[in-house]
Amino acid sequence: MKKILITGANSYIGTSLEKRLLQWPNEYLVETVDMINETWKEKDLSEYDVVFHVAGIAHVSADPKMEALYYKVNRDLTIETAKKAKDEGVKQFIFMSSIIVYGDSGHINHKRVIDKNTVPTPSNFYGNSKLQAEEGIIPLMDDKFKVVVLRPPMIYGKGSKGNYPKLAKMAHKLSLFPDVDNERSMLHIENLCEFIRLVVENNESGMFFPQNSEYVKTAELVKLIAEAHGKKIRLTKVFNPALKLMGNFVGIVNKAFGNLVYEKNMSEYRENYRVGDLRESVRVTEVENVEI
């Protein structure tokens, strides 16, 4: 049995992972610790095989007053936790980074593909704090201390925050939606949790880029969300010229319809971690009491 400590009590990803691992009660024992105050420093980590570090500030803010806090939590806390884990004999440390280390979404008019040679270029202090955290913990890796860095794209699922619930609201309200031919890498929460389970099971180290097997077109995603509720939504290209022009001036257009994908071979793994395809994952996300 592997004993796993999740840092960041009540976090969306941490709670989802704990729920998934409970399906194997004889193989994994999961505990969580709150990192908000300093009491976590008194916790003995020597009894754990794995520390999954998901504690951090997860949303993007442009408020300069938040910058110091981002570095304190996302960078300094991560490095401090990893060093403590190594000093106390933890075998594996898994860090939740993000595709955000590569900067903002691509432009609506230009496809952006990240490959293994793409150099991270954070465009804000959220992305930079994640990248600096990576740079602080990777040197700690050795034969006895495995370090895993995960750089997932946008994560979605039941109860998730961010762009997905905003698109879901549109799917509920609109009967017409722009049919822009964009591509995005996304990752359903259950696929992420299964990937983390396999990383733990195989005692991995290194950097990984999990994503769904399919790229996602914003219009198709909205259509799938609507269909999950028995609602029909019509896609139209009539707004496309205006949106493509607005993309040069309005950031929210690129956030919704921009192009940003990982090259697919970056996300392949020796075992299948994609427990549901896009259609199934949307159905699970939108319909109550359905599980993959």
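Six strands form an open sheet in this predicted model, in the order β2-β1-β3-β4-β6-β10 and with parallel pairing. Strands here are DSSP runs of E with at least two residues, helices are runs of H or I with at least four, and both are numbered from the N terminus. Two strands count as paired if DSSP finds at least two bridges between them. The edges of the sheet are taken by β2 and β10; each has a single partner strand, so one side of each is left without a neighbour in the sheet. From one strand to the next, the twist averages 20°. Residue numbers start from 1 along each chain as its sequence is written. Because the model is predicted, local features need pLDDT of at least 70 and side-chain atom pairs count only at pLDDT 80 or more, while totals for chains, interfaces and linings use all residues; side-chain values use heavy atoms, with hydrogens and water left out.

On one pairing, β1 runs parallel to β2 (residues 28-33) and is joined to it by 6 bridges. On another, 4 bridges link β1 in the parallel sense to β3 (residues 50-53). T7 takes part in both pairings, standing opposite V33 in β2 and having H53 as its bridge partner in β3.

With a relative accessible area of 76%, N10 is exposed. A second residue of this kind is N203, which is not a glycine either but has a positive phi of about 50°. N203 sits in the loop between α5 and β10 (206-208), and its relative accessibility of 35% makes it partly exposed.

The axes of α1 (residues 12-21) and α5 (residues 189-201) come within 9 Å and cross at roughly 65°. Axes are lines fitted to C-alpha atoms, for helices over the stretch in contact, and angles run from 0 to 180 degrees between N-to-C directions. That angle makes α1 roughly perpendicular to α5, a label for 65 to 115 degrees, with under 35 counted as roughly parallel, over 145 as roughly antiparallel and the rest as oblique. From α1, the contact (heavy atoms within 4.5 Å) draws on Y12, I13, S16, L17, R20 and L21, and from α5 on I189, E190, L192, C193, E194, I196 and R197. These residues divide into 8 nonpolar, 1 polar and 4 charged. Ala, Val, Leu, Ile, Met, Phe, Trp, Tyr, Cys and Pro count as nonpolar, Asp, Glu, Lys and Arg as charged, and the others, Gly among them, as polar.

Elsewhere, α3 lies across β4 (92-96), β6 and β10, running at about 165° to β4. In the loop between α3 (125-137) and β6 (146-150) is L140, which counts as buried at 14% relative accessibility. Leaving aside neighbours within four places in sequence, L140 is in contact with A82, K83, K86 and F145. L140 and M66 are 74 residues apart in sequence, and their C-alpha atoms are 28 Å apart in space.

Technical notes:
Buried means under 20% relative accessible area, exposed over 50%, partly exposed in between (1.4 Å probe, protein chains only).
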